[in-house]
Amino acid sequence: MNTPKADPIKPRVAVHKFSSCDGCQLAFLNLGEDLLTLAGRVELVHFAEAGPLDPDTDVDVAFVEGSVSTAEDLERIQHIRQHSGLLIAIGACATSGGIQGLRNGVFGENWVTQIYSHPEAIASLERSTPISSHVKVDFELWGCPVSGPQMLAVVNSLLLGVTPRDNADKVCTECKRRGYPCIMVTRGIACMGPVTRAGCGALCPSLGRDCYGCYGPAENANTGALAVQFRSQGLSPEAVVQRFQSINSQAPVFLAAADRIRIKSHD
Amino acid sequence: MFSSPEPAGFLPLDQLHALVARLMQLGYQCLGPAVENDAIVMRELDAPDGLPRGLQAEQAPGRYRLTTDPQHRYFAWANGPQAIKPQAFAPQESLWRVERDAAGMLQFEAVVPNAPAQAIIGVRACDLAALALQDAHFLREGRRDPHYAKRREQLFLVAVQCAEPGATCFCASTGDGPTPTAGYDLALAELPDGFVAVSGSAKGAAVLSALNLSAANAQQVDAVRQQGQAAAAAQTRSLPGRTLRDALMSRLEHPRWDEVASRCLACGNCTAVCPTCFCHAEIDGPALDGEASRHERIWDSCFGESHGHLHGFNVRPDIRSRYRQWLTHKLATWHDQFGRSGCVGCGRCIAWCPVGIDLTEEVAALTGSGVSHE
Ligand code: SF4
Ligand code: SF4
Ligand code: SF4
Ligand code: SF4
Ligand code: SF4
């Protein structure tokens, strides 16, 4: 079998930042040698954290970190979409609105005045929203932060011209492949693994602690059944709500799970 | 006693280390019970006297708690979350790799697993029955899996009789335990002052003869038989029969499937801990320079999304269809494939289900009382 070598014309890649902590860009930077190998196969035209600055140029692939959280973000994401072939949202902020999404529904002037000494300096929108609420997103990589190897796999797939593998199975699948005994079962700890998307390699269970859902909802996430189990393990309704309302609080499946518990406990 | 033609030997308690030492001498990496995340797992022993005493675990649906055996025995625990499965059917491994050569041609190369000679000390009757089923799948005539075969032939299995079944165990009902009867190299039964030991293979016989054991006396052999009977009688769970094929296949639209689907997380823990499940997915891991790739096999589960994915649609999009697939494959269609049920009664899927779904309870609810006991 003879296959042509990869196209010598290197795809142009940009990494954009919205409202976020920069952790996902750091996941890129932390790839070290792998990043250098990758840099040889693409033309990195914009990546503020790493050096190159050219936010307005046309690119083949744009990675977007962060949520849409300010009026400026609203305009900028449209501009980026228009100038990008493929747009890939990376991280909890970009895929669900992130930790800053906790303000959604409770954000008010009072609140801002109480916290900030110069409230006039706060230019946030009332809600923090994922990139997909504003423009078409071609692929989403979940996680807070995303995993470096997962990001590499996506870029690699794109370079090879294949659709990246989207693994929406539960964290439990990775936990079992690595042979970690389940701490829900051995310690009665409220683990979010059974409703959370795989990708981290079951990092928290590997350290004997509970998954807290930073990769967002898995497919067919039975949040109701898990909430019932958490309650029987001794968690109060508030504590169960908090399990679903953390990093990915605005992911619709987790938001609905929390709402259902709230409504039920008010009955 | 263990239905072995060989006469039984007696290994005094303080000589157990001599068995481990012999296996180490023969070059085996010896795996024995160890505690990890508060569960009993099989890990490498660093010294012949490294086997722990007094370990025990209380098991219930969705619950596993370490306890201490007041009698301070070596094998008073029933089982942990994994049987022999990961040692023979690796959770993740490369099957082959491909590289582009200087001429641009793709060169394929099989990846041969580097399987160490391993002795597993503390294997249970249910684990052996499950391994026989995995063998039937992976070593099928004409479809021999070289990766599984390589690992499998490197194993030396030291089985032990279960004196203290877990509350989740029901091997007596499936006919697979609690006393090992086949499939081991050596089998031990623990008595207060030592072990009645028999061999089940030439490898095992050689190890046993090197230990120069005195013969077990009739009283000891009888104590082992009684211990096995008591362990079987102590089991509280059961399946309503050994051939549930028609009972389940005639109830594919039973409302209980919806009910269990409302409780099931589709997390796949049951299939991962089940010692007979063999499903896997194959994925590719291309190197970053685009010049090579590894083809990997990873454990998969019928509770996962891609397991039911066919071109353009998914045959099992919801949890109901996935739970039904698990139960009907395990207890019904397995008969068509392998001539027996796929359940050896180890109870792992019950203990290790994070929400405590109990397969024996589901079967009872699905079949009601209308199943003939065979
Ligand atoms: S520890 Fe958490 S992630 Fe691992 S199997 Fe248990 S519930 Fe799933
Ligand atoms: S179905 Fe459950 S009880 Fe039966 S062999 Fe599998 S894990 Fe053990
Ligand atoms: S289909 Fe399901 S029950 Fe059957 S072997 Fe595969 S994972 Fe196990
Ligand atoms: S199922 Fe039987 S053989 Fe297996 S651990 Fe329990 S008692 Fe022992
Ligand atoms: S039966 Fe239990 S272990 Fe199996 S998929 Fe459902 S919730 Fe998970």
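Colleague: What makes strand β9 of chain B a partner of strand β10 of chain B, and which way do they run?

Modeller: In this predicted model, 3 bridges join β9 (residues 155–160) to β10 (residues 186–191) of chain B, and the two run parallel; since strands pair if DSSP finds at least two bridges between them, β9(B) and β10(B) count as paired. A strand here is a DSSP run of E with at least two residues, a helix a run of H or I with at least four, both numbered from the N terminus. Residues are numbered from 1 along each chain as its sequence is written, chains are lettered from A and ligands numbered from 1 in the order written, and side-chain values use heavy atoms, with hydrogens and water left out. Local features need pLDDT of at least 70 and side-chain atom pairs count only at pLDDT 80 or more, while totals for chains, interfaces and linings use all residues.

Colleague: Why are β3 and β12 of chain B said to stand at the edges?

Modeller: The open, mixed sheet has the order β3-β2-β8-β9-β10-β11-β1-β12 in chain B. β3 (39–44) and β12 (214–215) each have a single partner strand, so one side of each is left without a neighbour in the sheet.

Colleague: Why is the site of ligand 1 called shared between chains?

Modeller: Residues from chains A and B surround ligand 1, so the site is shared; among them are A:Cys172, A:Lys176 and B:Asn269, where near means a heavy atom within 4 Å.

Colleague: Which helix gives the most to the shell around ligand 1?

Modeller: Helix α7 of chain A does, with 4 residues.
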